[in-house]
There are 4 protein chains.
Amino acid sequence: MKHELSLPEVLSQIEKTVKPQFGKGQVADYIPELASVDPKKFGMAVRTVNGQEYVVGDGDEPFSAQSITKLFALGIALNRIGDEVWTRVGKEPSGTPFNYLSQLEHEAGFPRNPFINAGALAVVDMLLKGTRRPDLTVRDYMGFLCQSALTIDEAVARSEIDTAHKNRAIANLMKGAGTLHHEVEAVIAAYCRQCAITLSCRDLARAALPLAAGGFSPVIEETVFPTRQARRLNALLLTCGVYDSVGSFAYRVGLPAKSGVGGGIVAIVPGQAAIAVWSPELDRHGTSVVGFAALEAFSQITNCSVL
Amino acid sequence: MKHELSLPEVLSQIEKTVKPQFGKGQVADYIPELASVDPKKFGMAVRTVNGQEYVVGDGDEPFSAQSITKLFALGIALNRIGDEVWTRVGKEPSGTPFNYLSQLEHEAGFPRNPFINAGALAVVDMLLKGTRRPDLTVRDYMGFLCQSALTIDEAVARSEIDTAHKNRAIANLMKGAGTLHHEVEAVIAAYCRQCAITLSCRDLARAALPLAAGGFSPVIEETVFPTRQARRLNALLLTCGVYDSVGSFAYRVGLPAKSGVGGGIVAIVPGQAAIAVWSPELDRHGTSVVGFAALEAFSQITNCSVL
Amino acid sequence: MKHELSLPEVLSQIEKTVKPQFGKGQVADYIPELASVDPKKFGMAVRTVNGQEYVVGDGDEPFSAQSITKLFALGIALNRIGDEVWTRVGKEPSGTPFNYLSQLEHEAGFPRNPFINAGALAVVDMLLKGTRRPDLTVRDYMGFLCQSALTIDEAVARSEIDTAHKNRAIANLMKGAGTLHHEVEAVIAAYCRQCAITLSCRDLARAALPLAAGGFSPVIEETVFPTRQARRLNALLLTCGVYDSVGSFAYRVGLPAKSGVGGGIVAIVPGQAAIAVWSPELDRHGTSVVGFAALEAFSQITNCSVL
Amino acid sequence: MKHELSLPEVLSQIEKTVKPQFGKGQVADYIPELASVDPKKFGMAVRTVNGQEYVVGDGDEPFSAQSITKLFALGIALNRIGDEVWTRVGKEPSGTPFNYLSQLEHEAGFPRNPFINAGALAVVDMLLKGTRRPDLTVRDYMGFLCQSALTIDEAVARSEIDTAHKNRAIANLMKGAGTLHHEVEAVIAAYCRQCAITLSCRDLARAALPLAAGGFSPVIEETVFPTRQARRLNALLLTCGVYDSVGSFAYRVGLPAKSGVGGGIVAIVPGQAAIAVWSPELDRHGTSVVGFAALEAFSQITNCSVL
């Protein structure tokens with residue numbers, strides 16, 4: 001990151017400049033509980049590998065992590081069973097929406113990558129081998145990484161479980177194909193509860209920091225996974241992390257990142273920092289409009305694209 | 001039907017000639033309970049509109065009706081809500097296997113026709129409006145038409161409910177798309193139980209006879225649906241009734257027909273007769289190999305193709 | 001056909017009643033030359049197996065046969081190489097639009113049936129084996145059957161050859177897959193010229209009459225193909241003849257038929273008559289709106305559905 | 001790049017270690033002329049932004065650039081018409097093979113990205129606006145960047161033009177959809193001739209160097225495109241550059257790269273170097289097996305992944 005402004009100045013400037021983007025997207029409405037969030041929220045946090053931490057706007061307000069949790073669930077699975085993960089899920093961008101069934105049907109129930117819903121369900125299925133409540137495992141792992149007691153929003157979890165028809169379709173397709181080992185409802189419940197984990201931008205930037213620091217967490221001063229795994233997770237994020245706008249995101253931002261329909265996005269500047277941003281209005285691909293714009297501005301101002 | 005042989009002679013001849021077809025197909029194995037049926041079974045029954053009835057082989061032994069029940073469930077739905085049925089299901093051949101998801105996803109959860117699984121689930125959903133046990137309604141309607149007390153094979157029903165992952169995927173896809181109104185599990189249970197209705201070839205030929213007699217049942221001496229509906233159901237059978245081998249079936253047999261993975265097929269000779277045949281070995285499309293051959297022989301010998 | 005009105009009365013009544021359907025469809029515009037035809041044209045002709053012939057409206061005016069020629073080209077191929085035809089093209093409805101590429105790509109370039117464009121191109125490719133101008137062969141065969149000197153509309157042919165991009169895509173896909181043996185441009189040219197054959201409803205009803213008479217032509221008093229082939233062609237027409245509205249057509253009309261984007265439809269009443277109708281406005285599937293309605297009326301009034 | 005070995009030592013070590021990979025892939029056989037190349041060839045070249053250049057093995061032997069030329073053709077188009085390029089082609093990974101038709105059909109002939117064949121044909125179509133021989137423009141631009149007189153292999157070009165059926169299908173689909181403006185044959189000829197440009201690894205590393213140096217070419221000491229464009233092209237390469245194994249490539253190598261079925265791959269280490277590798281045996285996705293392994297080794301030894 002080479003830039004004339006200090007990080008607080010950068011964040012402050014971004015906070016001002018993204019305002020015109022409000023109103024261009026829509027708050028997720030397919031999960032009823034999420035639809036009630038204030039669309040004008042905006043928070044951002046940066047945590048550097050050498051200990052700096054800056055937060056602006058609503059960056060300390062908890063929001064629904066949703067698909068961002070897929071990154072941490074995958075991390076746990078890799079820690080536990082290593083490359084065996086890749087016998088159950090691929091590493092390629094899907095080129096299709098995150099909840100698309102047809103590709104999964106044509107590919108015998110084998111999910112393209114761990115960040116589309118099918119892949120995330122496969123990861124939950126892997127975690128169910130060791131525990132009946134993998135959602136708590138993910139919550140506690142994320143909480144451990146950011147040193148904060150995270151909670152699962154039970155109303156959101158319930159709302160998702162009640163309306164997860166498309167995910168149930170995906171899970172049943174996989175169950176029929178033999179690529180899901182546990183009961184569909186157990187997988188769906190754990191998945192929906194995992195998605196309902198809430199945390200703030202500050203929490204998220206801290207939790208993701210090991211990806212920027214070769215697997216070491218400056219927050220807890222501990223190595224949490226091998227350097228090689230950090231690099232590989234970043235590669236997966238860059239090619240598969242932002243639903244079906246992964247190409248545009250790399251083009252405009254140039255950082256590994258994971259987005260969620262709660263409006264959060266976490267991005268990694270390898271070797272330097274983790275950035276979290278939150279704003280609930282989504283584009284038609286399910287990514288935060290204002291969050292995307294804020295990260296694009298950050299990348300341009302600080303010249304931190306990996307490319 | 002113009003032919004030199006008498007009907008009993010025709011059936012007797014067919015019974016002999018189809019023997020070499022045994023071993024060319026496979027008994028349905030995706031429903032565990034069905035896998036245990038004797039693959040060498042063969043039965044056939046003809047019931048004419050003017051009261052003749054001939055049965056050969058295992059034509060009085062009950063078998064699992066499976067998809068053949070879709071025809072009678074549709075009949076009940078048409079009797080109840082008329083053309084409103086067509087606001088919830090199409091009338092076109094799908095060109096794809098009976099449990100295919102991708103087409104349904106691309107067409108917003110609207111099933112192509114009432115004989116693929118998605119369409120049959122929609123019909124069950126329609127029937128659920130008036131009763132909690134539409135499977136009993138279908139069983140009783142079929143029993144009424146053939147004047148026989150039909151049963152639901154509970155072991156088969158249970159087996160299907162336990163393994164209906166693909167159908168649950170279909171139902172959940174439709175639920176998410178808003179094209180299924182009742183609870184997925186209620187629809188699945190009713191559907192699987194309906195499929196587990198058992199009846200003999202004799203029963204089936206009797207039950208289907210109104211389709212050959214313009215809606216009048218010579219068995220119960222009563223008009224059960226309008227002539228126009230008989231003609232239309234026959235049209236649906238001819239274009240959509242035999243899974244994705246409807247073209248080959250019309251080409252080789254030339255009669256409206258409905259097949260089931262239990263190995264049964266019922267065919268209609270409009271104005272003349274209903275024919276039921278049963279033999280458990282299936283081709284890769286899910287149609288009885290020997291049943292198909294028997295109907296082809298019948299059509300050739302009696303010259304009864306509608307075309 | 002059981003009806004109280006005489007055939008001339010039936011046709012006269014239909015001619016009056018279909019008028020309100022004008023304006024509901026659109027003249028084919030993807031072939032520039034066809035776009036200039038008067039959308040209000042309507043002609044109809046019936047030719048019975050026992051020699052009656054009735055024509056109303058514009059039933060003696062030539063129109064562009066288009067896809068209707070596929071039926072006669074297939075007939076020639078069957079006459080020449082018999083069942084070998086079916087090694088190069090299937091017999092199943094496609095469930096997709098007539099010029100759809102994706103299904104063909106997924107099925108290794110093997111066309112579903114001879115009436116979608118891919119299948120018709122395969123038939124042209126078969127005919128190219130014996131002659132460099134199969135379009136003339138088809139023209140002369142159709143002319144022979146109706147005892148009329150038919151012409152190819154060179155302006156339409158040229159217009160189609162110039163704009164046949166989608167058909168060239170199909171043909172090149174097949175060429176790459178090895179399912180087309182001759183040069184793409186030779187196949188495309190012959191196909192477009194074949195489609196540009198013009199004839200009147202009277203001609204068409206005469207030419208198709210052998211399909212209603214078990215392969216015998218009462219017009220030329222000669223058997224032109226075996227009875228079995230007539231029945232099989234009718235089966236193909238019923239399941240594949242009317243593009244992707246074959247199910248609705250069977251449901252509403254109940255007769256084997258072939259439609260063309262020139263606005264013509266020919267329907268067969270096996271054992272009784274051939275009916276030709278022409279009106280240029282098409283529905284979104286490419287079938288004449290008024291022609292469809294006229295045949296539905298004819299089927300209802302004369303009770304001639306095969307079902 | 002942090003590593004204990006010198007670059008010549010790194011290359012020398014890689015040259016030894018990749019040998020066991022020979023025999024795992026297959027030389028491209030769909031272009032007859034390419035099938036005759038010696039499968040055991042291996043060359044590699046590194047050119048750093050500060051002037052170092054190292055070449056091993058067959059790194060000075062010319063090979064068929066094939067799809068690698070798509071990168072330079074895109075560069076010319078961006079130089080000429082800027083962001084207007086993105087009105088005619090997307091920036092997202094396709095998730096499908098490079099010559100897949102179905103996605104293009106479903107997306108109205110708009111190509112996903114400039115590196116699948118459809119997108120590259122669109123780029124050729126853009127270049128055809130200013131010249132009748134865009135293949136010469138690309139050849140000369142690449143030659144200018146590497147300061148070498150490059151040639152087009154006429155035998156390969158002819159071979160490709162003769163067998164480009166799938167590409168003609170793609171181009172005709174686009175022509176019909178209106179997303180290709182020039183004549184199909186003109187686009188195909190220019191595309192095939194462009195693909196037939198030959199160059200050595202040394203040439204290729206030099207030609208691609210501006211992508212590693214923010215748009216400046218240390219070879220010709222000139223800025224050839226804006227820094228921003230270099231970053232964006234790298235983003236496109238990382239998400240779309242290696243056919244449908246882009247995810248695995250990022251995971252294992254972590255560098256922007258473009259591969260070609262001639263067996264070449266060029267990879268970019270932003271800020272540091274361009275690396276070219278060539279070995280003709282391909283994996284089933286069309287990428288050089290040994291080249292992929294060599295770049296993976298290079299990335300591991302020098303720790304140069306961008307992630």
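Colleague: How many residue pairs are in polar contact between chain C and chain B?

Modeller: Please bear in mind that this is a predicted model. The count between chain C and chain B is 14 residue pairs in polar contact, with both residues at pLDDT 80 or more.

Colleague: And how many salt bridges are found across the interface of chain C and chain B?

Modeller: The rule finds zero salt bridges there.

Colleague: Which helices of chain C supply residues to the side that touches chain B?

Modeller: Helices α10 (227–240) and α11 (246–252) of chain C each supply at least two residues. The largest share, eight residues, comes from α10(C). By type, the side of chain C that touches chain B divides into twelve nonpolar, eleven polar and eight charged residues.

Colleague: What area do chain C and chain B bury between them?

Modeller: About 2,600 Å² is buried between chain C and chain B, with 61% of it on carbon and sulfur atoms. In chain C, the residues that lose the most area to chain B are C:R231, C:Y251 and C:L307, together 31% of what that side buries.

Colleague: A change of topic: at what angle do α2 and α5 of chain B pack?

Modeller: Helix α2 (residues 68–81) and helix α5 (residues 134–146) of chain B pack at about 95°, and their axes are 10 Å apart. The two helices, α2(B) and α5(B), are therefore roughly perpendicular to each other.

Colleague: Which residues meet there, in α2(B) and α5(B)?

Modeller: From α2(B), B:T69, B:F72, B:A73, B:I76, B:N79 and B:R80 meet B:T137, B:V138, B:Y141, B:M142 and B:L145 of α5(B). The residues of this contact comprise seven nonpolar, three polar and one charged.

Terms used:
Residues are numbered from 1 along each chain as its sequence is written. Chains are lettered from A and ligands numbered from 1 in the order in which they are written. This is a predicted model: local features need pLDDT of at least 70, side-chain atom pairs count only at pLDDT 80 or more; totals for chains, interfaces and linings use all residues. Side-chain values use heavy atoms; hydrogens and water are left out. Axes are lines fitted to C-alpha atoms, for helices over the stretch in contact, and angles run from 0 to 180 degrees between N-to-C directions. Helices (H or I, at least four residues) and strands (E, at least two) are DSSP runs, numbered from the N terminus. Angles under 35 degrees count as roughly parallel, over 145 as roughly antiparallel, 65 to 115 as roughly perpendicular and the rest as oblique. Contact means heavy atoms within 4.5 Å. Ala, Val, Leu, Ile, Met, Phe, Trp, Tyr, Cys and Pro count as nonpolar, Asp, Glu, Lys and Arg as charged, and the others, Gly among them, as polar. Buried area is the accessible area (1.4 Å probe) that two parts lose on being put together, summed over both. A salt bridge is a side-chain nitrogen of Lys or Arg within 4 Å of a carboxyl oxygen of Asp or Glu. A polar contact is a pair of N or O atoms within 3.5 Å; within protein, one must be able to donate a hydrogen and the other to accept it, and residues adjacent in sequence count only if both atoms are side-chain atoms.
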